[in-house]
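Student: I have a structure open and would like to look closely at one part of it. Could you walk me through that part and then through its surroundings?

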Amino acid sequence: MQVMKVYRHEDYDQLKLEMPFGVTLREDNRWVVLSKKFPWEEIDREYREHFKSSEGQVAIPSRLAFGALYIQAEEGYTDEQTRRNIQENPYLQCFCGFECYTMDSPFDASMMTHFRKRISREMIQRINDLVFAPEAVATMDNPEEDDSVNQEDSEDPLSAQPTEGSENRGTLILDATCCPADIHYPTDVGLLNHARELVEKMIDLLYPAARDLYPEKPRTYRQQARKRYLAYTKKRTHTVRETRMVLRGNLQYIQRDIGYIKKMVVHGVSLSLLGNDLYRKLLVIQELRRQQWDMYKRKSHQIEDRIVSIDQPHIRPIVRGKAGHPVEFGAKVIVGLVGGYAFLMKADWNNYSESRSLKQVVEEYKETFGFYPKTILADRAYPGRENRLWCTSLGIRLSGPRLGRKSAEEKQAESKQIYQDGCDRVVIEGTFGVVKRRYSLDRVMTRLPDTSMTSIAMGFFAANMERKLRLLFAPECGWALDYDFDLGELVIFPRFPDVSAIQ
């Protein structure tokens, strides 16, 4: 039964955290500084839309919920580590809006899943646009502050000319990447063996209610199937014949076991005995078996909407062609870098064409900033004939070779411009490296499709906020280099900040 919750709005003016033993918090601590930079009122306005009831249990405040997700992304904590560190760290409590320091647990670790459900990817994107879009526009007005692109690009003689009455501004650096999910590398034999074991577990749960139908428990041949699977996996190499024999055997085992379950249901056995989790997996296994049987008959390894994980059936194989990782399993995202800040333009679990998404991405840029970009720097997947003609009609210069015949001088100038565009575009590859290694997007640990998207969006938001904090300190104090024993690496941190500039 769902528990009704009521939400109470709170005043999000900065609170003075009361500390025991006469201890005071440092004003130059990064969490104290960040607490003054977050748009808590906007976050609260978006968050309380989930609570319509006026009666029931009081919900956890938006500042604590959003702050906990941000802390988790920033520090790379698990759900339990996030709860424990907020409980023990007064600076984190200050950031989350506590009025006084307390050793009581702020929430149960399982509440982090509910936070990710309530704070969606779309909500984080709106907050991201609200906070960082003005910063990106400021770099357009002051080009010397933007170190992500070469400023000589604005004087490029090969640039497309804007149409009358339009004003194109800024440089949009585009690229796509995959945020891998935490799953075993899927193989057909391994998936079918796991499915067989799950179906056998379901028969064990349903059989006590079907003793009248089956005086003896249906034979599943599980020991024989397990023996054949182990004999196959222990071999270093496998012939095509051996693989197909194991696949066919597992498919037959699963078909027989599902037939037992269907017969039990016909005779009145309720599938509610399985519970929600196993019932959902039963539906997934039936579709998995259909896909695998179809590929087996066609002697193919490709099928639409292919299932690669029974626990997370929404994950699809994303063919990227990267060295060492030709296929990745996770959400494919298109990211636009504007003024050094990353904006999540598109994210989907299914593989899609990057070039066909260019118009959608550019229109989203216009919706965010109010104008079209002046230049788009992208890889070779984007500058097709249709995209180039469409960008030219809007006065946008799309990187890559122009259409039509060119003179020797134009070829030389174009070659130089293409080289410079490639150098300027490299910055987005560094951004991907940062968010994957520093903000844990190289392995997304959440399991639901919506909560995984929330984790991905929060990772990019945390990277943007870190950049903003770095730029906030940099003009005032310069930088220092030191060894961080928690991270185990050299880090750059601000030295002697001017706290008056942060207020």
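Student: How many helices and strands does the secondary structure of the chain come to? And please take a close look at the largest cavity: which residues line it?

Tutor: Happy to. This is a predicted model, in which local features need pLDDT of at least 70 and side-chain atom pairs count only at pLDDT 80 or more, while totals for chains, interfaces and linings use all residues. Residues are numbered from 1 along each chain as its sequence is written, and side-chain values use heavy atoms, with hydrogens and water left out.

The secondary structure of the chain comes to 15 helices and 10 strands (DSSP runs numbered from the N terminus, with H or I over at least four residues for helices and E over at least two for strands). Of the 503 residues, 47% are buried (under 20% relative accessible area with a 1.4 Å probe, protein chains only). Among contacts (heavy atoms within 4.5 Å) between residues at least 6 apart in sequence, 70% join residues at least 24 apart.

Now to your cavity. A search of the whole structure finds three cavities of 30 Å³ or more (a cavity being a set of points on a 1 Å grid over the protein atoms alone where a 1.4 Å probe fits but cannot get out; lining residues have an atom within 4 Å of a point). The largest holds about 60 Å³ of space (a volume is the space filled by probe spheres set on the points, which are joined across faces, edges and corners). Its lining consists of Ile124, Gln125, Asn128, Asp129, Ala342, Phe343, Leu344, Ala457, Phe460 and Asn464. Helix α7 (121-141), strand β6 (341-348) and helix α15 (449-477) are the elements that give two or more residues to this lining. The biggest share comes from α7, with four residues. By type, the lining divides into six nonpolar, three polar and one charged (Ala, Val, Leu, Ile, Met, Phe, Trp, Tyr, Cys and Pro count as nonpolar, Asp, Glu, Lys and Arg as charged, and the others, Gly among them, as polar).

The structure holds 22 aromatic pairs (rings of Phe, Tyr and Trp, the last by its six-membered ring, with centres within 6.5 Å; planes under 30 degrees apart are stacked, over 60 edge-to-face and the rest tilted). One of them joins Phe38 and Trp40, whose ring centres are 5.0 Å apart with planes at 20°, so this pair is stacked. Phe38 is buried at 5% relative accessibility, and Trp40 is buried at 4%. Phe132 and Phe461 pair edge-to-face, 5.6 Å centre to centre and 65° between the planes. Phe132 lies in α7 and Phe461 in α15, so the pair ties together parts that are 329 residues apart in sequence. Both Phe132 and Phe461 are buried.

Finally, consider His314, in the loop between α11 (275-298) and β4. His314 is buried, with a relative accessible area of 15%. Leaving aside residues up to four places away in sequence, His314 touches Trp349, Arg447, Leu448 and Pro449.

Terms used. Buried < 20%, exposed > 50% of the residue type's maximum accessible area, 1.4 Å probe, protein only. 1 Å grid on protein atoms, 1.4 Å probe; cavity = no way out; pocket = protein on both sides within 12 Å on 5 of 7 lines; lining within 4 Å.
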